[in-house]
Amino acid sequence: MLFNISLSTSTLPDIWKSAIITPIFKKGSSSDPLNYRPISLTSSACKILESIVKNNILNHLMSNNLISKQQYGFLAKRSTATQLLDCHHDWIHNLSLRQQTDVVYLDFAKAFDSVVHEKLLFKLQCYGIGGFTLDWIRAFLNNRSQKVRVGSSLSTPVAVTSGVPQDSVLGPYSSSYLLMT
């Protein structure tokens, strides 16, 4: 019932839009803040509803053939490992035919952090996502806040005005849709 109300009114409880960021050490010097990966702890209930929304969006995109065959990440049976195998096959095939093959690697560093909300919403709308779903995603992205926890200390909340929550279910999907074309 709570999910139906949230979806039909395009509203989310404030607690669902609040995150606690916990820095997790990766490697290198522990005194360098760049050696930490921020993990965003968000509401479990919201993640369940995000999964429902994600599945609806994915079904819409798949049934309307809106996902490129070159899209690998975040799709079942289309992992980055599968993508690498496909690329390797293409390279070996072209090498055997003595065809020139150019490879360009791009790293979208901080892609999650730099997503502009209005551009993402516009792109989703162009893909035919509208109505309650688009309104709910807009509400999901707007008026978010986060705090940082280090040890037992917690910072004061700050507004999040761009990017998608890194630990959200929708974050990777919405970012990849924005970058697809």
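A salt bridge is counted here when a side-chain nitrogen of Lys or Arg lies within 4 Å of a carboxyl oxygen of Asp or Glu. By this rule the count is one salt bridge. Before selecting it, note that this is a predicted model, in which local features need pLDDT of at least 70, side-chain atom pairs count only at pLDDT 80 or more, and totals for chains, interfaces and linings use all residues. Residues are numbered from 1 along each chain as its sequence is written, and side-chain values use heavy atoms, with hydrogens and water left out.

**Helix 5**

Select Arg-138 and Asp-135, whose side chains form the salt bridge at 3.3 Å, N to O. Both residues lie in helix 5 (residues 131–141), three residues apart, about one turn of the helix. Helices (H or I, at least four residues) and strands (E, at least two) are DSSP runs, numbered from the N terminus. Arg-138 is partly exposed at 28% relative accessibility, and Asp-135 is partly exposed at 35%. Buried means under 20% relative accessible area, exposed over 50%, and partly exposed in between (1.4 Å probe, protein chains only).

**Helix 4**

Next select helix 4 (residues 117–126), where the buried residues are His-117, Leu-120, Leu-121, Lys-123 and Leu-124. Looking down the axis, these buried residues fall within an arc of 160°, so they line one face of the helix; the arc is that of the directions from the helix axis to the C-beta atoms. Turn to the face away from the buried side to find the exposed residues Glu-118, Lys-119, Phe-122 and Cys-126. After helix 4 comes Gly-128, with a positive phi near 90°.

**Aromatic rings**

The whole structure has three aromatic pairs. Rings of Phe, Tyr and Trp (its six-membered ring) pair if their centres lie within 6.5 Å; planes under 30 degrees apart count as stacked, over 60 as edge-to-face and the rest as tilted. Select Phe-3 and Trp-16, an edge-to-face pair with 6.2 Å between centres and 70° between planes. The pair links distant parts of the chain, 13 residues apart: Phe-3 is in helix 1 (residues 2–9) and Trp-16 in the loop between helix 1 and strand 1 (18–25). Which of the two is buried, with a relative accessible area of 5%? Trp-16 is, while Phe-3 is partly exposed at 22%.
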